[in-house]
Structures are given as structure tokens and as C-alpha cells.
Amino acid sequence: MRKLGKLTSVVLSAVMAVSMLAGCGNQAKSGTFKIGAIGPFTGDAAIYGLAVKNGADIAIKEINEAGGINGYKIEYNSQDDELDNEKSVNAYNALKDWGMQILVGSTTSGCSIAVSAESSADNMFQLTPSGSAKDCIATPNAFQVCFNDPNQGIASAQYIGGNKLASKVAVIYNSSDPYSNGIYEKFAKEAENQPFEIVSAEAFTSDSKSDFSVQLQKAKENGAELVFLPIYYAEASLILTQSASAGYGFKFFGCDGLDGILGVDNFDKSLAEGVMLLTPFAADATDEKTQSFVKKYQEAYGEIPNQFAADAYDAIYIIKAAIEAANATPDMSVSDLCEAMKVQMGKISVDGLTGLSMTWDADGAVNKAPKAMEIKNGEYALIQN
Amino acid sequence: MAFLSYLINGISLGAVYAIIALGYTMVYGIAKMLNFAHGDVIMIGSYVVFCVVSMLNLPVWLGILLSVLVCTALGVTIEAIAYRPLRQATSSLTVLITAIGVSYFLQNVALLIFGANTKAFTSVVPIDAVKIGESLTITGESIVTIIACIIIMIVLTLFVNKTKAGRAMLAVSEDKGAAQLMGINVNKTISLTFAIGSALAAIAGVLLCSAYPSLTPYTGSMPGIKAFVAAVFGGIGSIPGAFIGGIILGIIENLSKAYISSQLSDAIVFCVLIIVLVVKPTGLLGKKLQEKV
């Protein structure tokens with residue numbers, strides 16, 4: 001028995017030694033770019049975080065198969081932040097320990113702002129695919145792939161006014177969320193120049209986001225024809241259901257936060273019929289690039305990608321373009337890499353899924369044209385103008 | 001007309017709070033503990049109905065029945081495993097912390113099984129909205145919730161005052177030791193309290209998710225806290241207090257949303273609670289207990 005014990009310990013130590021060696025063998029050399037992604041993979045906004053994670057993954061696989069960036073492969077790691085600012089910073093620190101050089105994230109505005117406070121101290125290049133608040137790019141190291149909220153608010157007001165969708169508009173927004181607030185403020189301002197009137201603007205907070213009967217009733221009392229929803233899809237699905245149950249018959253209009261509403265489990269899709277949203281990506285667009293992406297995404301994850309997946313996919317190609325333009329190498333320090341890429345961000349123009357010839361201004365905000373979509377027969381359909 | 005409509009929606013919201021608050025108040029009255037996992041039992045009950053009705057396409061009554069059974073079993077199990085061993089604990093803080101632990105445990109189990117994505121709950125109420133005049137619309141869910149709340153109140157009051165088991169509950173809540181001396185099985189009575197409270201939680205869950213049809217692992221926590229406030233408001237330990245507290249809370253919440261500010265409604269609700277507690281520390285219908293030294 002004792003002999004057997006000895007034998008086991010010898011075998012075990014041998015196994016350990018081998019595995020340690022194997023660990024050494026896997027240790028990355030200076031020859032790869034390490035890109036990290038942060039987003040909510042669980043929790044209220046999981047649809048966004050998972051889309052970002054998967055979209056970036058597809059782009060990275062494509063680039064690695066095609067030989068990498070300037071001949072260097074990409075290593076990829078992603079961390080969950082559960083839509084919590086503090087956890088997002090923890091995720092950032094975990095990725096930094098892993099050796100991250102470039103950050104794609106965070107997915108949502110609040111988390112992105114929290115992380116940019118840390119990343120600017122490290123001067124790490126940060127590109128948020130979908131954090132759309134203006135403050136996401138307040139630090140010089142941070143850039144956006146998506147529109148920022150002010151632009152979404154202005155574009156929505158112009159679209160509603162320009163296409164004469166309604167003359168009386170109600171707004172329901174989340175006053176505890178920077179994304180929703182940001183869009184609402186600019187929307188209200190731009191509405192003054194448009195041929196419609198905001199008849200009621202009612203807020204809710206993240207702590208009371210289940211009962212919308214009062215907000216909807218106020219909209220009805222004030223004679224609104226259209227309700228503008230600059231909010232996320234989970235609450236929007238409730239608003240649609242409650243509006244239908246009270247028989248109000250509003251037209252609804254939203255921004256990119258509504259993208260994902262058809263993916264809510266067991267949601268009665270007929271309620272969303274006719275809902276319009278401004279978003280830069282349409283999965284049913286016929287260009288070759290979109291179709292190839294949608295096909296790959298469906299094969300890998302079994303669902304049609306939303307705008308967030310496309311944003312993240314573009315984010316990786318934007319990083320690639322900036323690195324190539326800067327002729328950067330992985331052995332540069334995080335800060336040097338960021339400085340080199342920052343200079344190029346003002347010069348490059350990238351054709352992506354979410355817009356052709358995207359360019360960036362000095363603040364880090366993107367310029368591209370929005371697309372309007374309408375939900376028809378349970379699918380997002382591009383509105384042709 | 002508009003005021004009436006806000007009022008009715010408020011009463012309907014308050015009725016849900018009242019049903020949840022009954023669970024808090026009964027358990028507090030008898031076991032002298034705050035069962036913070038109560039809100040999460042609601043969530044589990046809603047998931048049961050969701051699975052049975054929306055995923056398996058079985059009839060609604062079966063879903064509600066199963067949900068009540070599962071929640072009852074869950075409530076009794078939680079009491080037996082988590083709270084009973086701590087009944088002799090010197091500090092009531094121990095049980096409170098355990099209850100918070102159970103609450104997180106239930107949320108994370110739901111997160112593990114059902115995932116974090118919002119599920120749209122299909123309303124189990126087959127009644128269409130009733131339109132009275134031009135601007136007054138009452139949804140079927142409101143009607144059913146208010147009626148259900150009234151029935152539950154009446155049945156519960158009768159049960160506590162007229163049946164043997166109900167009077168045993170009253171006795172235990174008055175004096176545990178004396179009740180035991182009189183031949184009442186205290187453990188059984190407490191189990192029964194948890195069973196009733198959890199069954200009510202299942203019904204509250206169905207009504208809550210029918211009126212506000214989105215289901216996540218955190219669905220129960222905020223209504224749970226509000227219902228706890230309602231129970232304290234009405235006087236914790238008092239059954240009619242929970243009812244009145246719930247209804248008043250719902251009305252205040254909805255009217256302040258409509259006429260003061262839709263963002264500040266929660267702040268106003270909690271301010272009213274503070275004022276009530278300053279003026280009447282035992283709540284509206286709470287009994288003043290002589291502290292025995």
C-alpha cells in the first residue's frame with residue numbers, strides 16, 4: 001500500500017511538472033495583440049453584451065485566418081460586468097492582469113464611463129462599440145463605434161418631423177440612465193425646430209420600471225399619436241404590452257436600444273408590429289458584407305445578429321485599420337500603442353457593417369448616416385427612402 | 001375621469017402589494033422574523049406559471065395550482081432548513097442575514113436555470129379591458145387583482161379567527177412559550193404560516209406578472225421591498241394593517257406619479273413611510289406592545 005502511495009506521488013509530480021512545462025509553452029510571446037472586451041453577459045442587458053462578445057469574436061477569427069494585423073495574430077478575452085459599473089471596473093482590472101493592450105468596451109454607457117476613468121489613467125486605447133453617452137468619450141483615449149446619444153436624439157427628431165409621422169408626440173424615458181437621458185434632452189431641443197409638439201414627457205427610474213400605466217395614460221390624455229421611447233428593449237416590451245392591454249393604439253418610435261425587442265422570450269411579436277427604430281445596422285440589408293456576417297453569426301450562434309454584434313465586429317476592424325495605419329507592433333507599451341492609434345483615428349476612414357466611410361472627430365465621436373427600420377411581420381425591415 | 005383611472009390603477013397596484021405584504025406580516029407576527037426571501041418566492045412562483053403555461057402550453061388553472069404547490073413546498077422547506085435551526089439564536093440579526101442569503105440563493109438559482117434574459121409573461125387573465133365613457137379604461141388585470149385581494153383578505157381573516165389552526169397562530173404570536181404549554185405545536189404552526197404566506201406569494205406572482213408582464217430573476221425584489229414597506233406602514237404583524245398599508249401605498253405611488261413627478265414617486269412613498277413612523281411608530285394598525293423586563 002505504501003509503495004502504491006509512493007508510486008502515485010511520483011506519477012502525480014511528473015504530471016504536474018509536465019503541465020507546468022506545457023503552461024510555459026503556451027505563454028504568449030510578444031508577437032500577439034491582446035484585445036479585451038467587456039459587457040453584460042448576464043443580467044438585464046445580456047443580449048447586448050453577448051452580441052458584442054460574439055461579434056468581436058467573429059471579426060477576430062476572420063482577421064487571424066487572413067494572417068492577422070501586420071502579420072501579428074490577435075488574442076482575445078472577454079469579461080462579464082452584469083451591467084454594473086463597479087463590476088465593469090473589476091472586469092477591466094482582470095483583463096489588465098491578463099495583459100490586455102486594447103479594450104473593446106464597455107458595451108453600455110454607464111459601465112463605459114466608469115471604465116474610461118481607469119483606462120485613461122493607464123492611457124489604454126478604448127473603443128466602445130455601443131456605449132453611446134457623450135461622456136463615454138470624454139477622455140482622450142476613448143472612441144465610439146456607435147452614434148452618441150445627442151446625435152441619436154437629434155436624428156430621431158428630424159426623422160419624425162421630416163417624415164411627418166405625427167404632430168403630437170409623447171416621450172417615456174428612464175431618468176436614471178445616462179443613455180436615455182442624453183437622447184431625450186437632445187430630442188426635446190431639436191423638437192422645437194420640427195413640425196411636431198412634445199405633449200408629455202414622463203420619466204421612470206430603474207427602481208420602478210414595471211408599471212407604466214400612468215405614463216401611458218398621460219400620453220393618451222394629452223392626445224399623443226406617437227410615443228418616442230429612447231430606452232432599452234426590456235422596458236419597451238412592457239410598455240408595448242401595457243399599451244395594447246389598455247387599448248391605446250399608439251405608434252412607437254425608438255433608437256438603437258429597442259434593437260433586441262424581438263428576441264425577448266415569449267414576447268408577443270405582433271405587439272411590436274409597426275414599431276420604428278433608428279439604428280445603423282439592418283440584418284436584412286443586401287450588401288455582400290452584411291450577408292456574409294449574418295451567415296457566419298447564424299452558423300456560430302444560431303440567431304440573427306443585432307446592431308451590437310455589428311458594432312463590435314466593426315470595432316475590431318477599426319482597431320485593425322488604426323494599427324495598420326500607425327504601423328504599430330505588439331511589443332509597444334500600452335500607452336505608446338494608444339498614442340500611435342489616437343493620431344490615426346482622426347485620419348482613417350473605415351467601411352463597416354454599421355456605416356460606410358466612418359470617420360472620427362477630435363472628440364472621438366463617429367460620423368456616419370443612420371438607417372431607419374420598421375418591424376414588419378415579426379422581422380426588422382429597412383425602410384427604403 | 002382621469003383621476004378615477006389613476007386611482008383604480010393605484011388600487012390595483014396596491015392590491016398586489018397587499019397580498020405580498022400579508023406574507024411578510026404573518027411571518028413577522030408569528031415567527032418574529034423578517035423573511036426577506038419572500039419577494040423571491042414570488043419570482044419562483046411566476047417562473048413556474050411561465051414554464052407550465054407558456055412553455056408546455058398547459059391550461060392556466062394547472063399552472064396556478066402547480067405554482068401554489070411549488071411555492072408552498074418551497075416556503076416550508078426554506079423555513080425547515082434555513083430558519084428553524086436558528087430559532088434559538090441569541091441575536092435576531094442571525095436570522096435576518098440568513099433570510100438575505102436565502103434571497104440571493106433563490107435569485108442565483110433562477111439565474112442559473114432560466115438565464116438573465118427578460119421573459120415576456122403571457123397574462124393569465126382572459127378578461128378584456130373595460131371602457132367606461134371616453135377616458136376611463138380599466139384593464140382586466142386590475143379587476144381580477146382587486147377582486148382576488150378582497151377574497152384573500154376575507155378568507156384569511158375568517159381562517160385566523162374561526163379555525164383551530166388559525167387561533168393557534170394567534171396564540172403563538174401572542175406568547176410562544178405559553179402557547180407551547182397549552183399544547184400547541186409551535187413548529188407546526190410556524191410551518192403552516194410559511195406555507196400560507198408562500199401560497200399567497202405564488203398568487204401575488206401570477207397577478208404581478210399578468211399586470212406587468214416581464215419576468216427576470218430580479219422581478220420579485222423591488223415589489224418585495226415595497227410590500228415590506230406596506231407591511232410596516234400598516235403595522236407589521238397586523239393582517240388588516242397589511243391590506244390597508246398595501247392599498248394606500250399603491251394609491252400614493254400612482255397619484256404622485258401622475259400629479260407630482262413620475263421620477264420622484266418612490267421618494268414620495270418612502271417619505272410618507274418616514275412621516276407615519278415618526279407620528280405612529282407601530283404603523284397605522286400596529287399594536288403597542290409592553291416591553292417586559
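Modeller: Start with chain B, where helix 1 (residues 2-31) packs on helix 9 (residues 221-234). The angle is about 70°, and the axes lie 8 Å apart. Angles of 65 to 115 degrees count as roughly perpendicular, so helix 1 of chain B is roughly perpendicular to helix 9 of chain B. This is a predicted model.

Now the residues. Helix 1 of chain B brings B:Val16, B:Tyr17, B:Ala18, B:Ile20, B:Ala21, B:Tyr24 and B:Thr25 to the contact. Helix 9 of chain B answers with B:Pro223, B:Gly224, B:Lys226, B:Ala227, B:Phe228, B:Ala230 and B:Ala231. By class, the contact of these two helices has 11 nonpolar residues, two polar and one charged.

Next, chain A. Strand 1 (residues 32-39) and strand 2 (residues 73-80) of chain A pair in the parallel sense. Eight bridges join them. Within this pair, A:Gly36 stands opposite A:Asn77 of strand 2. To get from strand 1 to strand 2 of chain A, the chain passes through helix 2 (residues 46-65). That β-α-β crossover is right-handed.

Further along is an open sheet of chain A. Seven strands form it, in the order 7-6-8-9-10-14-15, with mixed pairing. Take one pair inside it: strand 9 (residues 251-254) and strand 10 (residues 276-279) of chain A run parallel over two bridges. There, A:Gly254 sits opposite A:Leu277 of strand 10 of chain A.

Helix 7 (residues 213-221) of chain A lies across strand 6, strand 7 and strand 8 of chain A. Helix 7 of chain A makes an angle of about 170° with strand 7 of chain A.

Last, confidence. Chain A averages a pLDDT of 86, and 92% of the residues score at least 70. Residues 18-29 of chain A fall below 50. Beyond near neighbours in sequence, that stretch has one contact in the model. Where pLDDT is low, the predicted coordinates should not be read in detail.

Definitions and conventions: Residues numbered from 1 in each chain as written. Chains lettered and ligands numbered in written order. Predicted model: local features only at pLDDT ≥ 70, side-chain atom pairs only at ≥ 80, totals over all residues. Axes fitted to C-alpha atoms, helices over the stretch in contact; angles between N-to-C directions. Helix = DSSP H or I, 4+ residues; strand = E, 2+ residues; numbered from the N terminus. Parallel < 35°, antiparallel > 145°, perpendicular 65-115°, else oblique. Contact = placed C-beta atoms within 7 Å. Nonpolar A, V, L, I, M, F, W, Y, C, P; charged D, E, K, R; others polar. Pairing = 2+ DSSP bridges. pLDDT = per-residue confidence, 0-100. Right-handed = clockwise from strand over helix to strand, strands pointing away.
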